[in-house]
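Please look over the sequence and structure below together with this briefing. The points are grouped by topic for reading beside the model.

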Amino acid sequence: MAKAKPSFICQSCGAVYTRWQGKCESCGEWNTVVEENASGGIGGGPQRGRRKGTPSALLPLSGELEEAPRIVSGIDELDRATGGGIVRGSALLIGGDPGIGKSTLLMQTAAALSRRGHSVVYVSGEEAVAQVRLRAQRLNAADTDVQLMAETNVEDILATLAEARRPDLVIIDSIQTLWSDLAESAPGTVTQVRVGVQAMIRFAKASGAAVILVGHVTKEGQIAGPRVVEHMVDAVLYFEGEGGHHYRILRTVKNRFGPTDEIGVFEMGDLGLREVQNPSELFLGERNEKAAGAAVFAGMEGTRPVLVEIQALVAPSALGTPRRAVLGWDQPRLAMVLAVLEAHCGVRLGQHDVYLNVAGGFRISEPAADLAVAAALVSSLSGAPLPADCVYFGEISLSGSVRPVGQAAQRLKEAEKLGFRQAVLPSGSPDLPRTRDMVANEIEALPDLVARVAA
Ligand code: TYD
Ligand code: MG
């Protein structure tokens with residue numbers, strides 16, 4: 001039998017090396033490569049000392065169904081993002097920049113759940129009890145039964161939880177402060193975070209309590225520490241916001257118990273986070289309707305329509321290579337729209353700087369924004385403002401045709417509700433309502449839009 005080779009595995013990203021090295025080339029983390037006996041893995045290795053397996057039950061796919069039991073907070077924006085409430089026995093990770101408002105959101109969540117009769121334990125590893133109390137007072141949460149613990153050692157946390165009144169929800173703020181006696185590295189290291197998170201997930205599964213883990217995000221936009229933490233938990237939410245803006249978006253990026261394209265919108269104020277039930281009104285609030293280069297995009301975020309203004313500035317370039325700057329949208333996607341405008345519509349932008357901005361610091365991920373982007377670009381180039389009562393949506397293909405996108409009816413309905421009277425959209429949208437007050441200008445290809453804007 002061949003001699004088992006040792007392998008060296010990065011504890012952060014799982015990359016495998018044949019020899020030890022200080023820095024993982026795959027994820028760039030230092031001191032995460034650890035020797036593991038690869039032969040102990042699945043499907044191979046020596047038979048020595050192996051336990052004889054006991055047969056488990058094989059079950060059919062059909063059978064009794066159980067709804068995942070959820071804890072509903074009553075904070076609609078949060079419940080929507082989690083897919084209808086936090087699932088008992090699951091672990092949820094909330095990531096975000098330091099200072100974005102994670103602790104604030106979770107204190108408000110804790111208070112809301114407590115008011116609904118759930119028992120909640122808030123474990124703060126970052127702030128002293130006095131600090132947490134001060135915040136709770138400001139958030140009007142001090143009169144609830146939320147139980148506080150200022151602790152960072154995993155074993156101590158688990159021991160305390162075992163004695164506590166069976167908690168429905170445990171909040172760990174944050175995973176970067178967790179450390180365990182079982183891991184030898186210093187607190188805050190990848191291994192410590194991983195071991196700590198693992199222990200909390202095990203606690204969630206065993207006790208049936210939901211666990212919310214807070215994680216800080218690094219400059220690169222990832223949750224600091226092991227990437228594997230994102231794989232370990234049941235759901236990952238990001239709490240985002242732009243500097244200078246008061247609103248915050250809770251975005252679901254992974255959810256084993258619900259959809260992943262939902263968002264919750266909040267506004268940060270003196271008394272904490274306030275739910276924003278109609279984000280379109282917020283994003284369109286400061287609109288200058290007479291400016292050229294601004295188009296309103298009728299977008300969808302999960303099940304909810306969101307209208308945002310897309311602003312473009314096209315100006316002759318003084319540089320050999322013109323500038324292309326994008327905020328809130330995809331740079332490659334902009335390059336594509338520019339190329340299609342050049343190739344199929346005769347719109348020459350090669351000597352122009354192009355700046356694109358999604359108003360209010362919102363971030364769009366939908367290709368349906370293509371048409372609104374194109375409209376804003378052409379409007380800026382021609383200097384002619386777009387009609388103030390018009391919304392745009394549709395995907396542009398490389399051939400220059402405009403393709404239908406989902407939920408056209410809902411987009412139109414939201415636009416109508418906000419006082420828009422017309423829309424430019426792809427022809428052949430499947431679910432358009434027969435009767436409506438809005439004028440739907442259906443177009444087949446991008447040149448139709450250019451003709452319309454330039455006219
Ligand atoms: P915090 O929840 O501590 O952020 P995180 O836990 O993500 O690091 O929020 C910090 C910021 O929020 C801080 O700059 C102050 C601001 N804030 C308010 O504007 N209003 C409030 O009611 C609270 C509690 C905080
Ligand atoms: Mg905090």
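Leaving aside neighbours within four places in sequence, I100 is in contact with F239, G241 and R248, two residues being in contact if their C-beta atoms, placed from the backbone, lie within 7 Å. This is a predicted model, in which local features need pLDDT of at least 70 and side-chain atom pairs count only at pLDDT 80 or more, while totals for chains, interfaces and linings use all residues. Residues are numbered from 1 along each chain as its sequence is written, and chains are lettered from A and ligands numbered from 1 in the order in which they are written.

- I100 lies in the loop between strand 6 (91-96) and helix 2, where helices (H or I, at least four residues) and strands (E, at least two) are DSSP runs numbered from the N terminus.
- I100 counts as partly exposed because it has 19 C-beta neighbours inside 10 Å; a residue is buried with 20 or more other C-beta atoms within 10 Å of its own, exposed with 12 or fewer, and partly exposed in between, with C-beta atoms placed from the backbone.
- S103 lies in helix 2 and is buried, with 23 other C-beta atoms within 10 Å.
- Leaving aside neighbours within four places in sequence, S103 is in contact with R135 and D173.
- An unreviewed UniProt entry lists G96, D97, P98, G99, I100, G101, K102 and S103 under "binding site", and such annotations may be inferred rather than shown by experiment.

**Ligand 1**
- Ligand 1 is surrounded by 15 residues, of which the closest are G101, K102, S103, T104 and G272; a residue is near a molecule if its C-beta atom, placed from the backbone, lies within 6 Å of it.
- Helix 2 (102-115) and helix 3 (129-138) each supply at least two residues of this shell, and helix 2 gives the most, with three residues.

**Domains**
- The protein is divided into domain 1 (7-38), domain 2 (70-277) and domain 3 (282-454), with bounds from an automatic or database domain assignment.
- The C-alpha centres of domain 2 and domain 3 lie 37 Å apart, and the contact takes eight residues from domain 2 and six residues from domain 3.

**Nonpolar core**
- The largest nonpolar core has 120 residues, and those with the most contacts inside it are L213 and A372; such a core is a set of buried Ala, Val, Leu, Ile, Met, Phe, Trp, Tyr and Cys residues joined through C-beta atoms within 7 Å.
- Helix 9 (residues 370-382) gives the largest share of this core, nine residues.
- Not counting residues up to four places away in sequence, A372 touches A295, V296, F297, I310, Y392 and F393.
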